[in-house]
Amino acid sequence: MRQQYAWRSLVLAGILSFVGILIILQTFRIQNSPEAAVFRAQAAAYANVLQTYYPERGDIYDRSGHLLAGNKTVYEIGVDLQNATDKHAIALAVGVELGLNPDDLYNQMINPPAGLQYLVLADYVDADKAAALQQLKAATDAQNNSLAGLEFKPHPQRSYPEGSLASNVLGFVNREGRGYFGIEEKYNNLLAGNPVQVSVPTDPNKAFDLPHVPNGTTLVLTIDRDLQAAVEQILNDSLTKYGATNGTIVVMNPRNGEILALASSPQMDLNQFWNYGSIYHNASEFDRAVSMPYEPGSVIKILTMAAALDSGTTTPNATYLDTGALLVGGATIRNWNDQAWGVQDMTGCLENSLNVCLAMLSTKMGAQTFYGYMNRFGIGHLTGVDLAGEAAGRLKVPGDADWYPVDLATNAFGQGVSVTPIQLMMAASAVPDGGRMVTPHVLYAMVRDGRQYSVPTQYAGSPISADTASTLNQMLAVSLEREASSALVPGYRIAGKTGTAQIPDAYGYEDGVTNASFLGWGPVDDPQFMIYVWLEKPTASIWGSDTAAPTFAQVAQKTILLLNIPPDSVRKEIAKP
Amino acid sequence: MNIPNVNYTVHYVVHAYRQAPWRIQRQWIGTFMLIVLGLAMVASLYLDVTAQAALTGRTIQNLSYEISAGQQANADLETKIGELTSTYVMEQRAAALGYQPVTANQIQYVIVPGYTAPKPAILAAAPELKPSAPSILPEYTESLMDWFDQRLTPPPTTSLIGNSQ
């Protein structure tokens, strides 16, 4: 009997063992089958997802640490159409809180595009308004849940706390996070930082290393916020006062090229960058100081005189008889008032802004020498200023198809040559800076990973000698004093030059409209600021001496106050041993 | 006395003892239970480690969200401060407090020995710590099999190739 049980047990155990072995074998077979490889590959493909971590865009500060561009959280407000139980209530709540038309919102919700489950009702909503709406939703959740389906998605947005201040310098960032114009475009890669892609396991139970995504580089600008505000105010007042269509004012330190203020009209509220198209007609209008070349007129006489002095073509005390006309290349060059000015020295040429005198000097120098100096001054070349959209202007030279011998004469007093204000500032910086030109720049320092990197001063060559620079510096100061220019600032010695230029059109030059300019610097013995003023088509007076020069004086006075520059007498007192 | 020549064969009685069947069964059951217990211990250890790893992963994720939320809040506050101290707002506040813009002839310059003019902003803080290696220990990421594999696999030998001075 026992033997029978034993056999049965053995048979049963054998069968079960056999089944067990079969199961194990089948498991091995399945695991090593071709299908298993496919499944494993699929599992591996879905095991991780590539996730991109975007760094926060770097901030922009002025030279004193005031925030000019930062980031803030805004909300996208949308509705999950499947979960929205009361679309009327949602339309009403969103419409009232955000100032939108509830009927429009409701129509959007009941007639969504085919296949759409999530509908965006509003984007770039301020945190305050979104919070109010969230509170309302929380209140209704406890009662009738009428706002079910309403969703809030936070995301960062560029913010400009100063609104339109320094807008022409900063540029703006669009909704896709790309910088346009000014600093935002020029340093877009630095500001935006480097997004990091990481393979993240989809299994929530798997831990993974979070990537270290450094924020975009923070930039510190050379701009002085208070001076910038004052300069923009003066520019806008001057445009109104003198009836000019547009204008530009730039304040730069001629010793190191730091741009302290740059105002160009019109300015725009950078927080509403979508209005760009209605404010500007083309890109060059955004920052006229660097993007819009124009015929500058007599301010370029600074460079012509510098070339003449440096090349030995003339000396400060050399005299000539001004007859009021000079024939060059078959064309007659005349002074601004069509008058003869008699015997003049070189300071008199600058003081009275005599076209004939400067044309005489350029022709005496010869094309090779004159254009050689213009080339060394950087006329017709980019300055390398760190602002987007810089234009090079145009300097025709012998050999160009459209160059004529008369151009040698007209170029000497700023006709037939186009420059940007920033170009002329760089060129003229050789005069107050001992013959050495500085490259204008807006970036003072970069802050990255907790370290600050300062931008060194860059020099753009020495087109003239230190002696020439010193001589011309004094000549320009004397010419303003003799003229009793309205550019003068009491207590401070200023050097500079006005410019009144006709505006070229397709047939020659427009009648009765001019570009009024003034380029000056001070204090003459220790130059700390250089100011360029350009007013387009002023109607109160066509002359730069009546419009741009007094505007320069206003800006100079404000600069002196804000930069704490003591009067010449005080500085001399301090300098005494 | 004659003693018959008898070949004596000595038979030793060998006492063979056999374990009682129930004792053998008990031993088998005991061994089996020991194996089961061992496996259960390993499984529970594995579960514990996996659960800890998952919890830590979750905690890290939550902390990272908190960090990014904190950074965003900082950026918001910074921008808010920027708005509250903007030129326009400060001018309005100054005017409301009775201040007026100073003019050149109202300024008196005084020589102050040792005074240095304000310099441009230095915004950089102390260098922040940069993680140079994965911050999550292998205990939180590797499985038990990985651990065994690491223990069984001999460490790679390193050969130094370089310039000798």
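**Exercises: a helix and its sheet**

Just after helix α19(A), A:Asn564 adopts a positive phi of about 55°. Keep in mind that this is a predicted model.

**Exercise 1.** Work out what span helix α19 of chain A should have, and compare it with the distance between its end C-alpha atoms.

*Solution.* Start with the length: the helix covers residues 548–562, which is 15 residues. Next, the expected span is 1.5 Å times one less than the number of residues, so the helix should span 21 Å. Finally, look at the model: the end C-alpha atoms are 21 Å apart, which agrees.

**Exercise 2.** Is α19(A) mostly covered or mostly uncovered, and what do its buried residues pack against?

*Solution.* Count first: twelve of the 15 residues are buried, so by the cut-off of 20 or more other C-beta atoms within 10 Å the helix is mostly covered. Among the buried ones are A:Phe552, A:Val555, A:Lys558 and A:Ile560. Then find their partners in chain A: α9 (225–242), β10 (246–252), β20 (495–505), β21 (508–522) and β22 (529–536). The helix lies across these four strands, β10, β20, β21 and β22, and runs at about 145° to β22(A).

**Exercise 3.** In what order do the five strands of the open sheet in chain A come, and which are the edge strands?

*Solution.* The order is β11-β10-β22-β21-β20, with antiparallel pairing. The edges are β11 (259–264) and β20 of chain A, each pairing on one side only. On average, neighbouring strands of this sheet are turned by 10° against each other, direction ignored. Now zoom in on one pair: β10(A) and β11(A) are joined by five bridges in the antiparallel sense. There, A:Ile249 has A:Ala263 in β11(A) as its bridge partner.

Methods. Residues are numbered from 1 along each chain as its sequence is written. Chains are lettered from A and ligands numbered from 1 in the order in which they are written. This is a predicted model: local features need pLDDT of at least 70, side-chain atom pairs count only at pLDDT 80 or more; totals for chains, interfaces and linings use all residues. Helices (H or I, at least four residues) and strands (E, at least two) are DSSP runs, numbered from the N terminus. Two residues are in contact if their C-beta atoms, placed from the backbone, lie within 7 Å. Two strands pair if DSSP finds at least two bridges between them. Axes are lines fitted to C-alpha atoms, for helices over the stretch in contact, and angles run from 0 to 180 degrees between N-to-C directions.
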